[in-house]
Amino acid sequence: MRLMLLIAATSTLLVTGAIAEEEDPFADAVEMRHGLMLQMATDLGKVGAMAKEEVPYDAAVAGKAAANIAAVASVLSMDQFPAGSEYQKATDSFALPAIWASQDDFLKKVADLNTAAATFQTAAATDLDSLKAGMEGIGGACAACHKAYRQPEE
């Protein structure tokens with residue numbers, strides 16, 4: 001009897017897992033890119049508040065935030081954007097189909113973000129004026145990609 005219950009419970013778990021996976025096979029990829037973007041947004045918020053002079057400039061905090069931004073930018077690739085994980089096809093995805101239709105341009109924008117993030121990493125830890133100047137480059141790189149490849153939230 002125990003064996004039958006164990007088999008039934010195991011079967012239920014396997015079937016439930018398979019159904020959940022069938023419902024959205026891209027859930028992990030979408031969650032991963034959301035996590036990466038949330039980390040970047042959190043760090044951009046820290047340096048943004050300094051650039052707006054809402055909080056005092058702190059070279060150590062700015063440098064760490066900029067290093068985090070550069071680290072996140074360095075791992076962005078098509079690995080986080082598997083085909084089929086676009087807006088209205090994958091749960092919670094805001095990625096537009098243009099990513100896959102214009103993959104070379106998308107990857108160029110990712111490379112532009114990496115360049116801007118590397119420049120910003122040096123600028124952010126230098127002084128407030130350098131941080132402010134660097135914000136334009138990193139903000140422009142983020143905006144260029146989001147404008148072309150991200151569905152605005154409603």
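## How H3 and H5 cross

Helix H3 and helix H5 make a left-handed crossing, meaning the near helix is turned anticlockwise from the far one by less than a right angle (clockwise would be right-handed). The contact takes in Ala62, Ala66, Ala67, Ile69, Ala70, Ala73 and Ser74 of H3, plus Val110, Leu113, Asn114, Ala117, Phe120, Gln121 and Ala124 of H5; contact here means heavy atoms within 4.5 Å. Sorted by class, that's 11 nonpolar, three polar and no charged residues. For the classes, Ala, Val, Leu, Ile, Met, Phe, Trp, Tyr, Cys and Pro are nonpolar, Asp, Glu, Lys and Arg are charged, and the others, Gly among them, are polar.

One heads-up: this is a predicted model, where local features need pLDDT of at least 70 and side-chain atom pairs count only at pLDDT 80 or more, while totals for chains, interfaces and linings use all residues. Residues are numbered from 1 along each chain as its sequence is written, and side-chain values use heavy atoms, with hydrogens and water left out.

## H5 against H6

Next up are H5 (residues 103–124) and H6 (residues 128–149), which pack at about 165° with their axes 9 Å apart. So H5 is roughly antiparallel to H6 (under 35 degrees is roughly parallel, over 145 roughly antiparallel, 65 to 115 roughly perpendicular, the rest oblique). Axes are lines fitted to C-alpha atoms, for helices over the stretch in contact, and angles run from 0 to 180 degrees between N-to-C directions. The helices themselves are DSSP runs (H or I, at least four residues), numbered from the N terminus.

The crossing of H5 and H6 is left-handed. Its contact has 16 nonpolar, three polar and three charged residues.

## H2 joins in

H2 and H6 cross at roughly 145°, and their axes come within 10 Å. This crossing is left-handed. From H2, Met37, Met40, Leu44, Val47, Gly48, Met50 and Ala51 meet Leu128, Leu131, Lys132, Met135, Ile138, Cys142 and His146 in H6.

## The largest pocket

Where is the open space? The largest pocket holds about 430 Å³, a volume being the space filled by probe spheres set on grid points joined across faces, edges and corners. A pocket is an open set of points on a 1 Å grid over the protein atoms alone, where a 1.4 Å probe fits, with protein on both sides within 12 Å along at least five of seven lines; lining residues have an atom within 4 Å of a point.

Its lining has 22 residues, with Arg33, Met37, Phe81, His146 and Arg150 nearest the centre. H2 gives the largest share, six residues.

Note on methods: Helices (H or I, at least four residues) and strands (E, at least two) are DSSP runs, numbered from the N terminus.
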